[in-house]
Amino acid sequence: MKIDQSHIDHIRKQFADLQSKEELVILLSEAKNLLYGEECKPVQLKSLTYYANPEICKKRYQTFTIKKKSGADRTINAPVKGLKSILRSLNFVLQCIYEPHKAATGFVRDKSIVDNAKKHVGHHYVFNLDLKDFFHSFDRNRVKMGFIYEPFNLGGDKEPLAFLLASLCTHPFEVDGELKTVLPQGSPTSPTLTNILCKKLDRRLNGLANRFGATFTRYADDITFSSPHNIYNDEAFNNELKRIIEEDQELAINPKKTRLQKEGYRQEATGLIVNEKVNVRRKYVKQIRMWLYYWEKYGYEKAEQIFKRDYIADKGHVKNTNAHLMNVLDGKLEFLKMVKGGNDSTYLTLKNRFEKQIGLAAPISSVLNIWQNEGIEKAMKIFNQLQRN
């Protein structure tokens with residue numbers, strides 16, 4: 001279902017009128033219907049109560065690690081199926097009610113890394129810094145206070161609801177050898193809640209940027225400043241930046257991910273080039289061209305073998321190694337379209353080559369319909385059969 005303003009207004013009113021857990025369950029069920037359709041099962045009160053209490057529900061999260069580009073491990077805490085369903089509905093409710101600061105671009109409806117990068121195009125200096133252990137910096141009490149204050153206003157007689165929601169969205173984890181009840185990295189609600197809890201941070205860093213003639217954005221834990229002049233060696237700027245983040249907001253700067261990018265060198269914001277316009281790295285387009293060339297020269301099956309070898313070597317530490325060439329190319333082209341625009345000549349040329357190769361084996365509409373309706377695995381099976389024939 002397409003979400004419009006009337007749905008958002010309804011969710012806001014329902015939340016403002018909340019008085020009990022029973023009414024919260026009704027609200028979450030309505031949000032779930034808007035997201036997934038009326039055929040989905042409503043949220044049950046017993047499920048909400050069960051998952052909100054880590055003392056009762058011991059296995060709320062599955063913990064696993066994935067490799068970062070650096071080779072270090074990143075720990076992900078994924079909620080179990082029942083909790084995940086509730087948290088997705090709650091996340092939708094939170095996004096309907098809360099409007100992030102204009103400088104916050106991560107996990108905000110209708111915003112992307114492209115919106116973040118656009119703010120820093122054409123500036124002589126681009127300064128990036130990263131916040132350390134971002135999600136684990138927000139404990140249950142801090143989350144609860146976020147629900148007590150505006151725009152949620154769950155104070156006074158409604159404070160038990162604030163505690164319930166905070167308990168639902170946090171979990172006890174061992175952090176630096178100490179057990180802390182914090183936001184999990186991997187929960188649907190964690191990114192939205194950090195935007196809520198970082199509003200004061202965003203406001204003060206934006207004020208700092210204005211004072212020094214700079215532009216500021218934040219994409220989750222990734223903070224970017226850009227400016228026409230170098231303010232990043234200014235002691236007054238650096239001292240105030242550190243004071244706001246570490247003393248005022250009790251967050252930590254990761255010194256290993258702090259860098260200043262000057263004019264004349266490649267400048268990036270949230271992984272995109274921002275020197276003259278928002279763009280992907282040359283390697284990104286070169287890789288798409290290479291895989292299309294293999295497909296055109298050797299046929300799909302041979303190209304897929306080459307792709308899998310290269311893809312696992314390059315991305316196997318972080319991504320699904322059972323990926324298919326056709327699926328990955330489609331995703332990469334969609335991303336290229338988002339960054340460069342649907343009328344960009346490079347995108348259109350590559351997209352036409354991609355569609356031509358699909359069309360050589362079968363009418364493009366038939367393969368794409370199978371892909372959309374029955375999934376990539378079935379589409380690949382049909383596609384390979386058609387090629388062999």
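The expected span of a helix is 1.5 Å times one less than its number of residues. Helices (H or I, at least four residues) and strands (E, at least two) are DSSP runs, numbered from the N terminus. The model is predicted, so local features need pLDDT of at least 70 and side-chain atom pairs count only at pLDDT 80 or more, while totals for chains, interfaces and linings use all residues. Residues are numbered from 1 along each chain as its sequence is written, and side-chain values use heavy atoms, with hydrogens and water left out.

**View 1. Helix α13 and its buried residues.** Helix α13 holds 16 residues (325–340), which at 1.5 Å a residue should span 22 Å; the end C-alpha atoms are 22 Å apart, in agreement. Leu325, Met326, Val328, Leu329, Lys332, Leu333, Leu336 and Val339 of α13 are buried (under 20% relative accessible area, with a 1.4 Å probe and protein chains only). They lie on the same side of α13, because they cover an arc of only 160 degrees around the axis, taken from the directions from the helix axis to the C-beta atoms. Glycine 341 follows α13 and has a positive phi, near 100 degrees.

**View 2. An open sheet of four strands.** The strand order is β6-β7-β3-β8, and the pairing is antiparallel; two strands pair if DSSP finds at least two bridges between them. β6 (215–219) and β8 (253–262) stand at the edges with a single partner strand each, so one side of each has no neighbour in the sheet. β6 and β7 (residues 222–227) are joined by five bridges. Tyrosine 219 has aspartate 222 in β7 as its bridge partner.

**View 3. Leucine 251 in the loop between α10 and β8.** Leucine 251 counts as buried because its relative accessibility is 6%. Apart from neighbours within four places in sequence, leucine 251 is in contact (heavy atoms within 4.5 Å) with Leu131, Ser137, Phe138, Arg142, Leu201, Ile245 and Glu246. Leucine 131 is 120 residues from leucine 251 in sequence, and their C-alpha atoms are 7.0 Å apart.

**View 4. The packing of helices α1 and α4.** Helix α1 (residues 5–16) packs on helix α4 (residues 81–97) at an angle of about 100 degrees, and their axes are 9 Å apart. Axes are lines fitted to C-alpha atoms, for helices over the stretch in contact, and angles run from 0 to 180 degrees between N-to-C directions. The two helices, α1 and α4, are therefore roughly perpendicular (65 to 115 degrees). Ile8, Ile11, Arg12 and Phe15 of α1 meet Phe92, Val93, Cys96 and Ile97 of α4.

Key. Buried < 20%, exposed > 50% of the residue type's maximum accessible area, 1.4 Å probe, protein only. Parallel < 35°, antiparallel > 145°, perpendicular 65-115°, else oblique.
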